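Hi everyone, thanks for making time this morning. I'd like to walk you through a structure, so let me put it up on the screen.

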Amino acid sequence: MHSTLRASRAGCGASSAVRGPVASVPAKLAHSKRFRGSAQVVRADPTASGDVELWELHEELLREIEERKQHQARLLDQLNSIQVPSINTPSPTFTNNAPRMATMAPPPPPAAPAAPSSSSSGSSTFMPPKPPAHKQLERLKPVAQPQPSAPPPSFAQQVLQPVKPQQLMTPPPVQAPPPRPQQPVYEPYQPDQGAEDAPPAEPPLAGENVMNIVMVGAECAPWSKTGGLGDVMGALPKAFARRGHRVMVVAPRYEIYDDAWETGIRRIFRVMNQDVEVGYFHAFLDGVDYVFVDHPSFHFRAKDIYGGERQEIQFRCALLCKAALESVWHVPCGGIAYGDTNTVFIANDWHTALLPVYLQAHYRDYEQMKFSRAVFVIHNMAHQGRGPFVETEQLELPDNYREVFRLYDPIGGEHMNIMKAGLQFSHRIVAVSEGYAWECQTQEGGWGLDAIIRENTWKLRGIVNGIDYKEWSPMSDPHLTSDGYTQYDMDTLAEGKRQCKMALQKELGLPVDPDVPLLGFIGRLDYQKGVDLIRDSHGWLMGQGAQLVMLGSGRADLEADLRSMEASNRDKTRSWVGFSVKMAHRITAGVDMLLMPSRFEPCGLNQLYAMAYGTVPIVHAVGGLRDTVTPFNPFENKGTGWTFERADAEQMRHAVGNALETYRKYRPSFRDLQLRGMAQDLSWDHAAALYEEVLVAAKFQW
């Protein structure tokens, strides 16, 4: 190259320079802008300017040679990256475009580019066209390889050792596709004579209103239960599933549940200014997905799920709400997550009142979960999640949201109220009975939130709870199959009730007498339940010749009162301090009348269980007790029980006196009371249909 340059500077003809190392340059270069004439023009004018042009030609040719070398090196790298199959493999598998084209019919060669006109303009550097992939393979001459005596190399050896171009195998020849089989001729199906057509699939009861429903609560029967909320969380989802909805229940995992399995899903949430990791466990029963949130803070309170300091409870509630909102995205129930489309969350009581707030503040404000809604269910207005307002700083909410928690009332003063925020941010509100929905709007029943309820009356509705007949039915109750008890129905009410009554008296050590009136009480020992009214009337009851059985736990002073009543009348009173599911079922089946003197009762379930078992309830006409128990009218022989209007011992004694007189003197009327209670439809299916109307209204509320 250097000798050529020296020759050109010494006055040698341009032809000698071209005949050197650039003799293979295509003739196309002669038509470049610098050489619009011919090579003879350069030789005819060996001046200084001609030397400069020749020098530029040499520089351009050197650059082109270098570019060709780089291009060739890139081609070799691409070919080396192709995985070469084993020699014994009959048909290699290629993974990039070039070898894959070799298995097809080669495309026609591209048409030769037209020579540029002598009048064309532009000074771009000449780049030769890149040959197509199948031409690149044709340039590599395959080398015949003898049959190896050693075994073929392993896959790891083939991958780890670089492949040389000479080792590439020639792609197999293109084989003609097999002949297409003849299309069969299908004849129309002709059913057999007498064959019955399969019945069409029945549409879901919910029809076009089928949606994803996620119920969130602090307890869920049978895994965790302290009252009626646990029963609702365990039974209402099953009724939703029977109507065709896809239903998930989210609750804390307080203990090791044998039927709940680890999903492997772990999520980290920011709760009260700290990062918290939780896990999810899953169980599928009766068409419902039960998802349990796993965290040590729940395990620590397994025996007292509502216990602990105020901030500890708030931490557990906030964690449950955040984990429930994310569960629809991350927990693959049945292999498919619920998603946030056509989804309605049902938050229950103040423990989950943060869920509607977080849904709006953390998701909907950021264009997430736009098609998800939140419904808030009031089970008990007395518990609202109150605390100092300064604690709203720990809820990870903007300042404008924190103001929603502020409440001032004459009793509590200025404070943070979690239920207040949940009521305002929920799309619909449900009270657990129509009567309780009205009471929540009064100063006595609103507990400081009556004004907030009245402002949101347009989205409030009362729906009475139901009962799960699979668990509470005298015809199939498993607790009535031993120890002298028996199952019964409306046709065998007299005999079955009499036998269960005698078995209960015998089990508890009372004198066995099927004709003596037997009264019962089952519930939490609390001021709300009116246990003190029974205590104050205990002497009068014993004077009426009745027997009394009580089951419950709660306040220590009321537990002591139960023990004192039994000690004073051991032949007529039995008090079971504690709780037993089996004994609750047996008392419900064995007693003649059930006392429920609650000062306030949002809905109540024990009176529903009693009527299903043919036990006549005696209740204070308040809340759900007023809605579910119809006062007995002896003149028209109507009603399902006895009621009294004021939570007073004297009023209760008056109602009990009427019941005892009817039991002793008018036994047929008393039997009709029992049968009317058993004939009612108290199932959750009716309540689920009413809930569905509320969920649809929330769904279409923007």
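Let's begin with an open sheet of three strands, ordered β8-β10-β9 and paired antiparallel. Its edges are β8, residues 386–387, and β9, residues 406–409, each with pairing on one side only. Do keep in mind that this is a predicted model.

Now look at β9 and β10, residues 413–417: four bridges join these antiparallel strands. If you want a landmark there, R406 sits opposite M416 in β10. Lying across β9 and β10 is helix α13, residues 418–425, and this helix runs at about 60 degrees to β10.

On to the inside. Nonpolar side chains tend to be buried together in soluble globular proteins. Here the largest nonpolar core has 106 residues, and the members touching the most others are F240, V250, F292, L355, I378, F405 and L423. The biggest contributor to this core is helix α10, residues 310–330, with 11 residues. Another core, of 35 residues, lies apart from it and includes I467 and I522.

Let's zoom in on I378. Setting aside residues up to four places away in sequence, its contacts include D349, L423, V430, Y436 and I453.

Last stop: K238, in helix α8, residues 228–242. Is this lysine buried or exposed? K238 counts as buried, because its relative accessibility is 18%, and the cut-off for buried is under 20%. So what does K238 touch, leaving aside neighbours within four places in sequence? The contacts are D286, V288, Y290 and D468. With D286, there is a side-chain to side-chain polar contact of 3.3 Å.

Key: Residues numbered from 1 in each chain as written. Predicted model: local features only at pLDDT ≥ 70, side-chain atom pairs only at ≥ 80, totals over all residues. Heavy atoms only, no water. Core = buried A, V, L, I, M, F, W, Y, C linked by side-chain atoms within 4.5 Å. Buried < 20%, exposed > 50% of the residue type's maximum accessible area, 1.4 Å probe, protein only. Helix = DSSP H or I, 4+ residues; strand = E, 2+ residues; numbered from the N terminus. Contact = heavy atoms within 4.5 Å. Pairing = 2+ DSSP bridges. Axes fitted to C-alpha atoms, helices over the stretch in contact; angles between N-to-C directions. Polar contact = N/O pair within 3.5 Å; in protein donor to acceptor, adjacent residues only side chain to side chain.
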